[in-house]
Amino acid sequence: MLKVLYSRRGTGKTKEMIKKANSDIGTVKGDVVFLDKDDHCKFDLHHDVRYIDTQQYRKLSLEYFMGFIGGVMASDYDIEKMYIDGVPGLLSEEDLRTAVKNIGELAKNNNVEVMMSISGKKEEMPDFIKEYIAE
């Protein structure tokens with residue numbers, strides 16, 4: 001299952017995802033993974049959350065991004081929850097459309113709950129994101 005946190009930059013999406021990831025520790029049976037575009041929140045996460053800094057992969061193509069996400073899921077069959085923060089901002093809107101669809105399918109096929117943050121104005125939210133909005 002894929003859920004998207006969509007709002008303007010600086011509205012607390014990252015903090016909300018950190019809080020959720022930390023609260024998952026001890027309540028989920030599987031592993032929790034947090035992917036971020038830099039290491040600014042690394043020390044805010046519980047030490048049992050697997051943190052992946054994607055900073056070294058700055059020139060992400062859609063194919064590389066999807067391979068990376070699929071590889072993370074394939075490398076650990078115990079992943080129950082995955083948080084993806086800020087990385088989608090490195091993709092074009094068309095690539096983001098494809099990524100959202102594909103990540104939704106990967107999450108479903110691997111039985112992983114994925115939460116992704118995407119920055120933008122609510123009134124400019126692309127239609128393809130609306131079905132994934134986190135309540």
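## A tour of the salt bridges

Seven salt bridges are counted here, a salt bridge being a side-chain nitrogen of Lys or Arg within 4 Å of a carboxyl oxygen of Asp or Glu. You are looking at a predicted model, where local features need pLDDT of at least 70 and side-chain atom pairs count only at pLDDT 80 or more, while totals for chains, interfaces and linings use all residues. Residues are numbered from 1 along each chain as its sequence is written, and side-chain values use heavy atoms, with hydrogens and water left out.

**First stop: Glu-113 and Lys-81.** Select this pair and you will find a salt bridge whose closest N and O atoms are 3.6 Å apart. Glu-113 sits in strand S5 (residues 113-119) and Lys-81 in strand S4 (residues 79-85), so the bridge ties together parts that are 32 residues apart in sequence. Strands (E, at least two residues) and helices (H or I, at least four) are DSSP runs numbered from the N terminus. Lys-81 is buried at 16% relative accessibility, whereas Glu-113 is partly exposed at 34%. Buried means under 20% relative accessible area, exposed over 50%, and partly exposed in between, with a 1.4 Å probe and protein chains only.

**Next: Lys-121 and Glu-124.** Their side chains form a salt bridge at 4.0 Å, N to O. Lys-121 is partly exposed at 35%, and Glu-124 is exposed at 53%.

**Last stop: helix H4.** Select residues 127-130; Asp-127 and Lys-130 both lie in this helix, three residues apart, about one turn. Their closest N and O atoms are 3.1 Å apart in a salt bridge. Asp-127 is exposed at 60%, while Lys-130 is partly exposed at 47%.
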